[in-house]
Amino acid sequence: MTTTMIPKKKTKRTILKLLRLLKLRTPLSLLKRPEMSALLGLALVALAGCGKTIRSTETLTLYSAVSADAKAGTWSMIVLTGPTQVALAAPALASDPGYQAELVAIESAQAAITPDQQAAVQYWAAGGALRWNEELRQLVARQDLPPSPNADGSYPAPNAANPFANPQFPFSNPPYAARAYSYVSVAQYEALKVAWYYKYQYNRAAPFKSDSKIKALMPDNQVPSFPSEDAVEAGVNAVMLKLLFPTNATEIDALAAQQQQAAMIAGRATASDIAAGLSIGQAVAAILSARAATDGFKAASGNSAIWSQLAATATAKGEVPWISQDGPPRPPMLPLFGAVKTWMMQPSDIINERPAPPPGTHSLAMSGELGEVRNAVNNISSDQLATVYKWADGVSTPTPPGHWDFIAVPYITGALMSEVRVARTFALLNMALHDAGVACWDAKYLYFNPRPSQLDPSIKTWTGLPNFPAYVSGHSDFSAAAADVLGYLFPSGASYFDSQAKEAAMSRLYGGIHYPSDISAGLTQGKRVGEYTVRFARTDGAN
Amino acid sequence: MGSGFKIVPDPKLSVSSLKLVLLAVMLTAASSSELHGQTTEDGIMLSKLKYCTGVFYTYDKWDHYWEGPLYRSNGNIGAITTRTISYIGNYGLTDHINLLITVPHVSTSASQGVLHGQSGWQDSSFAVKAKLASVPIGRMGALRAIAVVSGSIPMTKYTPDDAPLSLGTQSKQISGRGTLNYLRRNGVYLNGSSAYTWRGNVQLDRPSYYTNGQLYFSDEVAMPNVFDYSVGGGYRKNDTTLVVSYSQHQTRGGGDIRPQDAPFVSNRMNDSKIGGTITIPLPRVHDLQYWVILNHTLNGRNVGESNTITTGMLYTFDFRRNGSKR
């Protein structure tokens, strides 16, 4: 076949003409072939294709703490009776041959450091408590998947005894996540206070200080090295995270091992510092694990008799009971989570902090609220819609509690906190978030109030509708509690936290998820719950 | 425009975009319709100083979709319907270079559950189409090669984060397409076309997102590129077309929809479809053509099993004669 490219010349001419028309200055050489269109396409394409790589880890700046917080061993405990509840024998003396061998091992490791190890040192140098919080948000988002329905319209339940089965355990919905963030954060904080107690009791100098051949590859945190705080974190986080997210054990163990190795290669801890830290972390994790086993969470899912009773109770009060609007209808999310043990509140406090009942489902006030929701949904602005998606925090996300941990991060790094103070910040924040979750769930299932879209099916939502009763708003409750605690810890950010809490709360009205009264009552309750933690923080010895 | 489009954010949209692509292809065909004397179809360009334009309406619906490889329905959405009204224009800059534009307005809705539909202007696309070669084959036919470079850009700040109800991906895109076709004077028509589309990153309104096995601590989403091709054949003569086609889209990366989760903007959205195109010249109205395009999804991954119908009319103006021809 003879392929006579008759139009070639003409095409070239017309393309050149076109380019002149478009005032494009393209090298003539590019136009010498008819395939120039393709080339031009490729060039344009290269422009569109650049910058595709998105960092998957949080960008954190390295800093040196302004204070070592040498007295942290005396700060108030939350679950432990005191630092000596976990015993730690004295380390070997600096002159001990075994210890000297450990130092030499660090010298060798530094001499043979690999690019991967350097990257790991950089990663962990930003702060172990921050990095483990990042991992926790990762795990929550990964496990934040509701079970798919069975063919018969029923739903399987995740099983802690068989976590890898379908659906995987856990489904880390907001209450599960709030509890998980709090257990991990409290365990880490308790363990680091124990570590600080022994650090200053034994006062072993960091390897890079006792051996001039060892370089400090991480910022100098000015604390004695025995026991290693990095190993404490690795130990306590590995145990707690594997308890709460068992299907991720391999990833969790690898991270824990990496953190310990990074601390050693960075010249921060020797093998015996690390072994001691690991033992403390694991011992404290065991204490917190025992608490978790008996905190009431295992019963929080309820059973079909309890679910029916909730509806019957609301009906008996003359109210329209909440029903699931999932298709097919799904059992309510964790109806007994309101009875789970809290950190800073007594069971009587939960009752005392109950909000007054919402407007009756048949009341004029309620039809007014429905009108407000309809109006918000139908007249939403593009900014409000963006707010809905900013705060959706639904399936496959770190959930609202994780969102507030994220908000805290730049304030933590900006305050140049010691490791134990970072842990305190996360513990205080997440205790308040958990307690707010419990108080909120108590109200939700006490009142069993329908969602706007149930009372008025013409109301459609701009994001996924959570599968639990409306009153009070979880977003509002979580956010107000978090903003209250963060505002206490970082007064300069207080008005920002407050504005974020209100924005999060209002996003649920714009989205058609909540009535105005859900939001105002949730904000009020959240702030009151947050104050329980703030009262503890005022007198915990850390100020 | 035919080129840029295969890429769609949500399952339901994939259909509409696909049809847009086809549409664009046909558009070209349409414009050439008046050139009875020559060969036709894709290889044929709209001749100089002519403008072919019209409005198309597309109705797309699915009630089953592929969650990764799993074929399922979902009681939270029921059937997803996407309605698109597109303004289309093709201008003959020269006999060998055409400029094309598409401006779509999209509305989505779900038949079950509580989710609100979205509505608004989606992504406008612009394309430069060039005929590279025309090779006579025997006396009765010719093989033509065309290249298209196109780009699309979101017209509004619609959210990409509400799949499967989002209007689109909110990604800026550039696409390169090559087409070969053969047309015989007796109406026998064969066409093959393939494109690669580069997609720019997308920004979400939230600070982190989970996809493809991990949580990304960023509001920026990397969008995998897309490869597509289609082959078709049939009859095309005297403004009358009857063509069937098979097409595939392949997203070159991206994660699967997770169990019971919503789709995500950068999901690996693949599909294969069969389609048909009919054009009919309207009696007594010269240069006006009626179009019907049908598509059915045969298989897919992270897309809806959609059925699509597109219909509309295209009219050709001729500016060589001092304004509109008629």
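A: Begin with burial: a residue is buried under 20% relative accessible area, exposed over 50% and partly exposed in between (1.4 Å probe, protein chains only). B:Y209 counts as buried because its relative accessibility is 2%, and B:F264 is likewise buried at 7%. This is a predicted model, where local features need pLDDT of at least 70 and side-chain atom pairs count only at pLDDT 80 or more, while totals for chains, interfaces and linings use all residues. Residues are numbered from 1 along each chain as its sequence is written, chains are lettered from A and ligands numbered from 1 in the order written, and side-chain values use heavy atoms, without hydrogens and water.

Q: How many aromatic pairs does the structure hold over all chains?
A: Rings of Phe, Tyr and Trp (its six-membered ring) pair if their centres lie within 6.5 Å; planes under 30 degrees apart are stacked, over 60 edge-to-face, the rest tilted. The structure holds 31 such pairs over all chains. One of them, B:Y209 with B:F264, is stacked, at 5.2 Å centre to centre and 20° between the planes.

Q: Which residues form one aromatic cluster?
A: A:F169, A:Y176, A:F245, A:F297, A:F337, A:W441 and A:F468 do.

Q: Which ring does the charged end of A:K193 sit over?
A: The criterion is NZ of Lys or CZ of Arg within 6 Å of the ring centre and within 35 degrees of the ring normal. A:K193 sits over the ring of A:Y189, 3.7 Å from its centre. A:R291 lies over the face of A:W343, at 3.7 Å from the ring centre.

Q: What is the mean pLDDT of chain A?
A: pLDDT is the predictor's confidence in each residue, from 0 to 100. The chain A mean is 92, and 90% of its residues reach 70 or more.
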